[in-house]
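Take a moment with the sequence and the fold. The text below walks through them step by step.

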Amino acid sequence: MTHPVDVHVGKRIRHRRWLVGMTQQQLAERVGIKFQQIQKYETGANRVSASRLWDIADALDVPVSFFFEGLDSDAAEKESAGDIPADLMGDKEALDLIRSYYAIPENQRRRLFELARVLSDVA
């Protein structure tokens, strides 16, 4: 049975990997393990050791604490999220949208943001 902390850490690994546009294979090569092990970490099936988490954090250019952020607020988010999925940042489509959004020049990005705000108020 998976431990909730291991699942959370795995989701944070996947989240960061997707944000930087890295494949499981690329992360595995940087850390010196097989990509199947990254899959097991990301699902929480295998627990990440402290030294391995240090290597993963280095490969993904984040502090180790990044993987534990939001751990205390997970239960509160699930109760108060409304129509938004609890694991929004674990959704590949959402991360692709965010990555694409930040690739747009800033002035156009602001206009797109305002348009989305207006459309969400109407709906």
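Phe35 touches Gln24, Gln25 and Ala28, leaving aside residues up to four places away in sequence. Contact here means heavy atoms within 4.5 Å. The C-alpha atoms of Phe35 and Gln24 are separated by 5.5 Å, though the two are 11 residues apart along the chain. Phe35 is found in helix α3. Helices (H or I, at least four residues) and strands (E, at least two) are DSSP runs, numbered from the N terminus. At 29% relative accessibility, Phe35 counts as partly exposed. Buried means under 20% relative accessible area, exposed means over 50%, and partly exposed lies in between (1.4 Å probe, protein chains only).

A word on the model itself. It is predicted: local features need pLDDT of at least 70, side-chain atom pairs count only at pLDDT 80 or more, and totals for chains, interfaces and linings use all residues. Residues are numbered from 1 along each chain as its sequence is written, and side-chain values use heavy atoms, with hydrogens and water left out.

Now follow α3 to its partner. The axes of helix α1 (residues 4–19) and helix α3 (residues 35–43) come within 6 Å and cross at roughly 120°. That makes α1 oblique to α3. Axes are lines fitted to C-alpha atoms, for helices over the stretch in contact, and angles run from 0 to 180 degrees between N-to-C directions. Angles under 35 degrees count as roughly parallel, over 145 as roughly antiparallel, 65 to 115 as roughly perpendicular, and the rest as oblique.

Which residues make the contact of α1 with α3? From α1 come Asp6, Val7, Gly10, Lys11, Ile13, Arg14 and Arg17. From α3 come Tyr41, Glu42 and Thr43. They divide into three nonpolar, two polar and five charged. In this scheme Ala, Val, Leu, Ile, Met, Phe, Trp, Tyr, Cys and Pro count as nonpolar, Asp, Glu, Lys and Arg as charged, and the others, Gly among them, as polar.

The side chains of Arg14 and Glu42 meet in a salt bridge (3.9 Å, N to O). Arg14 lies in α1 and Glu42 in α3, so the pair ties together parts that are 28 residues apart in sequence. A salt bridge is a side-chain nitrogen of Lys or Arg within 4 Å of a carboxyl oxygen of Asp or Glu. Arg17 and Glu42 also meet in a salt bridge, at 2.6 Å, N to O. This pair ties together parts that are 25 residues apart in sequence. Arg14 is buried at 16% relative accessible area. Glu42 is buried at 3%. Arg17 is buried too.

The count comes to seven salt bridges. Another one of them joins Asp96 and Arg99, with the closest N and O atoms 3.0 Å apart. These residues are three apart in helix α6 (residues 92–103), separated by about one helical turn. Asp96 is partly exposed at 27%, and Arg99 is partly exposed at 31%.

Last, the core. In soluble globular proteins, nonpolar side chains tend to be buried together. The largest nonpolar core here has 18 residues. Such a core is a set of buried Ala, Val, Leu, Ile, Met, Phe, Trp, Tyr and Cys residues joined through side-chain atoms within 4.5 Å. Helices α1, α2 (24–31), α3 and α4 (50–60) each supply at least two residues. α4 gives the most, with five. Ile56 is among the residues with the most contacts inside the core. Ile56 touches Ile13, Leu27, Val31, Tyr41, Val48 and Phe67, not counting residues up to four places away in sequence.
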